[in-house]
Amino acid sequence: MNEARENMSVVRIAMAYWLLGWYMKILFFSHYLRNYIWDFPIRHELFPAFFSHPLTANLAYALPLFFIPAILFPAITGRTGLLLANSVFLICAVILSLHSDTYNDATFLVSFWVALWMVWVTLHLDRQDENFRRHARLLALCLVAMIFLGGFTGKLTSAYWNGEVVYHTHFLSSPYWPFSWLEKVCSAEQLRSLATIVSRGIILMELFIVFCPLMSFRYVFLLIPCLMASVTIFNTWKILSVMGGLIGMLLACLVWNEQDRKMKSANDAKINA
Amino acid sequence: MLNIIPISVFGKKTLSNDTLLFYILIGLMSAVMILKVFVPGVQKKLIQHFHLHGQSFFEWSVWHFIPWMYNYENEIWMSRDPLDVSSLSRDQIPQGVYHEQVNHFPLRTITFGWHRYMFYSPNRLRYIYIRSRYQSMTLLSHYVLEKDQRGLMIRFQGTREYHE
């Protein structure tokens, strides 16, 4: 049952980071969802009533909080509690991904994919074979690669390659450091050139991450989270709402890396004995 | 769903049905994203998705789970009066017209933020034009913000497609 305990640790770590990402922008969402969308409703013809109603968005955003006990007290809630919690996370992510007031926030799209992985791992919680651990880690990497493939392919256009988009969305009149500082100390030409360099750097970094399923398990579960965390330098801390779940999913896989290392050491010791 | 089926993918290893399905799902999503780079039809479909076009909500929602962050060159213009679409430009913004470059889903400029109340004022910005460009494909969509008894409705007026 030691291996099942390791699996449970992985799921709990991933769930904790998922919740961290989900509630990273709670200061914004608590006001936006509780007040703004009620006081100033703006609808779009595409969305049906369920996915336009403010109550739907509020319930879906708040519901995951009530499943924190499944993470804190797994001995009591057991596998069923974890599966229920992750299923609720998944459903809430679907709802907010498709709601007219929140569809545009990538937090919920990424939360959906990470929750899907957490549900899958929970369904296999009792698996003790190396094959399961290998595919679990590979699937996590494939999900990260898929998400960054979306970003990479969407930037394969001249406006991103020449820095035009990044210049206007990040460098001009940005209230966030370091862009606000750069705008003060750099000339217009320097700023424009910097935007091109940063934009190309982002594209190449995303391309690098797309290949993470091919990288060694020994390094990739630390390397990619570090790269993702570094994106906050070129964005705001709010991007952690999107990256948090992905970072947590990869860091959780380190538990399996450690498990493999211990098993290999034990096997080597047996062979040498 | 949890039955082990004898599919050998990595040598002598086996995959459960749900694991295989998970890989297939990721593969399908990835294939669409790669096709986006080369196939104009897929580009148009995904940009239409960004402009909240869709034959139905169900169809739009299926496309929504394909990762879309920081895609395309997106812009939005908003004004109190109708604009001449042929003269929309980032460099020359007429007086009283609001323009913004947006990372994704340009219509979120109206909904996602603290400024919603501004669209409820009598002199509000009503005419909305969003333009997304990706490689040689450009899609320009026109919306109007209408007031009814339930609040404001973003109503689709038309779309134009350009190729460079």
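This is a predicted model: local features need pLDDT of at least 70, side-chain atom pairs count only at pLDDT 80 or more; totals for chains, interfaces and linings use all residues.

Tutor: In chain B, strand β3(B) is joined by 5 bridges to strand β4, residues 98-102, and the two run antiparallel. Within that pairing, B:E75 stands opposite B:Q101 in β4(B). Strand β3(B) is also joined to strand β5 of chain B, residues 127-134, by 7 bridges, again in the antiparallel sense, and here B:E75 stands opposite B:R131 in β5(B). B:E75 therefore has a residue opposite it in β4(B) as well as one in β5(B), given that strands are counted as paired once at least two bridges are found between them.

As for burial, 7 of the 7 residues of β3(B), which covers residues 73-79, are buried, so the strand is largely enclosed by the rest of the structure. The side chains are divided between two directions: B:E73, B:E75, B:W77 and B:S79 point one way from β3(B), while B:N74, B:I76 and B:M78 point the other way, and all are buried.

The loop between α3 (57-64) and β3 of chain B also deserves attention, and B:Y70 is found there. Its phi is near 50 degrees, which is a positive value in a residue other than glycine. Most residues other than glycine have a negative phi. B:Y72 lies in the loop between α3 and β3 of chain B as well, and its phi, near 65 degrees, is likewise positive in a residue other than glycine. Because buried means under 20% relative accessible area, B:Y70 counts as buried at 18% relative accessibility, and B:Y72 is buried with a relative accessible area of 2%.

Another strand of chain B takes us to the other chain. Strand β7 of chain B, residues 151-163, pairs with β1(A) in the parallel sense over 3 bridges, and in β7(B) it is B:I154 that stands opposite A:H44. Chain A itself has 14 helices and 1 strand, and of its 273 residues, 58% count as buried. Its C-alpha trace spans about 70 × 45 × 30 Å along its principal axes.

Taking the interface as a whole, 61 residues of chain A are in contact with 66 residues of chain B. The area buried between chain A and chain B is about 5900 Å², with carbon and sulfur atoms giving 69% of it. Of the area that chain A buries against chain B, A:I42, A:R43 and A:Y103 supply 14%, more than any other three residues.

The rule finds 3 salt bridges across the interface of chain A and chain B. In a salt bridge at 2.4 Å, N to O, the side chain of B:R116 meets that of A:D101. Counting residue pairs in polar contact, with both residues at pLDDT 80 or more, gives 26 between chain A and chain B. Several elements of chain A each supply at least two residues to the side that touches chain B, among them β1 (42-44), α2 (26-39) and α7 (130-154). The one that gives the most to that side is α7(A), with 15 residues. By class, the side of chain A that touches chain B has 36 nonpolar, 16 polar and 9 charged residues.

Definitions and conventions
Residues are numbered from 1 along each chain as its sequence is written. Chains are lettered from A and ligands numbered from 1 in the order in which they are written. Side-chain values use heavy atoms; hydrogens and water are left out. Contact means heavy atoms within 4.5 Å. Buried area is the accessible area (1.4 Å probe) that two parts lose on being put together, summed over both. A salt bridge is a side-chain nitrogen of Lys or Arg within 4 Å of a carboxyl oxygen of Asp or Glu. A polar contact is a pair of N or O atoms within 3.5 Å; within protein, one must be able to donate a hydrogen and the other to accept it, and residues adjacent in sequence count only if both atoms are side-chain atoms. Helices (H or I, at least four residues) and strands (E, at least two) are DSSP runs, numbered from the N terminus. Ala, Val, Leu, Ile, Met, Phe, Trp, Tyr, Cys and Pro count as nonpolar, Asp, Glu, Lys and Arg as charged, and the others, Gly among them, as polar. Buried means under 20% relative accessible area, exposed over 50%, partly exposed in between (1.4 Å probe, protein chains only).
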